[in-house]
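Please have the sequence and the structure open while I talk.

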Amino acid sequence: WGFDSFLPLQEQAMHCVLAGRDSVVVLPTGGGKSLCFQAPATCLEGLALVVSPLIALMKDQVDALLARGINAATINSSLSPAEQQERIAALERGELKLLYVAPERFGHRRFVEALRRVQVSLVAVDEAHCVSQWGHDFRPDYLKIGRALVQLGDVPVAAFTATATPDVRDDIVRHLALRDPAKFVTGFARENLSFRVVHASKKKDKFAHLKRLVQGQKTGIIYCATRKRVEEVHEE
């Protein structure tokens, strides 16, 4: 991967995965969560299954793995049925080292049956906070992952997220049925980020400040309460 040192808690998380112990890993965005399961996966016998809610993220990580000569693939709704069947066949032939899927994939019988016929070395659950609180309203199939894992037998599970209070971590452990998991949690402070609030009493003041920001920063993200408001700001 081209790195000569570990980020905080990366090495410990990797050793835990290699030891076959369940774990919950909470690292900030940019903290190197994906490497915590990708690197150990190349050292383990069998397939590493990665559960992710975002197709774009799956593609980005799979493309990077393929560029490094690591056999990886994704099965998601952006593929045609024929493409999905082709990748399931590759899975059954043992050609894949990492396979990325959305949680909804566990509802497909053919896919689950294929998984049961191969050696699964690890299940990595990305954005694992989706099993908790508001998260399961966003992606309710996250709540089915724990039941699906039972069908795979005694497979180590590693849960990864950048956002998890102690209560959310407890939810992750419970819903994924993790067994005496190791927990790795860094601080959430990002030294490269700062936060401030600028009060603007009138709409014209808001627009004036936004224009100064755009002129100075060139790029940014503007959040509004409604789509109509977003379009209004965009036009301005």
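How many of the 11 residues of H2 are buried? Before I answer, please note that this is a predicted model, in which local features need pLDDT of at least 70 and side-chain atom pairs count only at pLDDT 80 or more, while totals for chains, interfaces and linings use all residues. Residues are numbered from 1 along each chain as its sequence is written, and side-chain values use heavy atoms, with hydrogens and water left out.

The answer is that 8 of the 11 residues of H2 are buried, so this helix is largely enclosed by the rest of the structure. Buried here means under 20% relative accessible area, with exposed being over 50% and partly exposed in between, for a 1.4 Å probe and protein chains only; helices (H or I, at least four residues) and strands (E, at least two) are DSSP runs, numbered from the N terminus. The buried set in H2 comprises Lys33, Leu35, Cys36, Phe37, Gln38, Ala39, Pro40 and Ala41. Among the elements that cover these residues, taking contact as heavy atoms within 4.5 Å, are helix H1 (10-18), strand E2 (47-51) and H3.

Cys36 brings me to the cysteines. With a disulfide taken as a pair of cysteine sulfur atoms within 2.5 Å, the count comes to 0 disulfides. Cys36 is in none, and the nearest cysteine sulfur, that of Cys16, is 10 Å away. Cys36 has a relative accessible area of 0%, whereas Cys224, at 27%, counts as partly exposed.

Now the pockets. On a 1 Å grid over the protein atoms alone, a pocket is an open set of points where a 1.4 Å probe fits, with protein on both sides within 12 Å along at least five of seven lines, and lining residues have an atom within 4 Å of a point. Grid points are joined across faces, edges and corners, and a volume is the space filled by probe spheres set on the points.

The largest pocket holds about 1000 Å³ of space. It has 24 lining residues, and those closest to its centre are His209, Leu210, Leu213, Ile221 and Ile222. H9 gives the most to this lining, with 8 residues.

The second largest pocket holds about 260 Å³. Its lining has 15 residues, with Thr29, Gly30, Lys33, Ser34 and Asp126 nearest the centre. Helices H2 (33-43) and H3 (55-67) each give two or more residues to that lining, which takes us back to the helix in my opening question.
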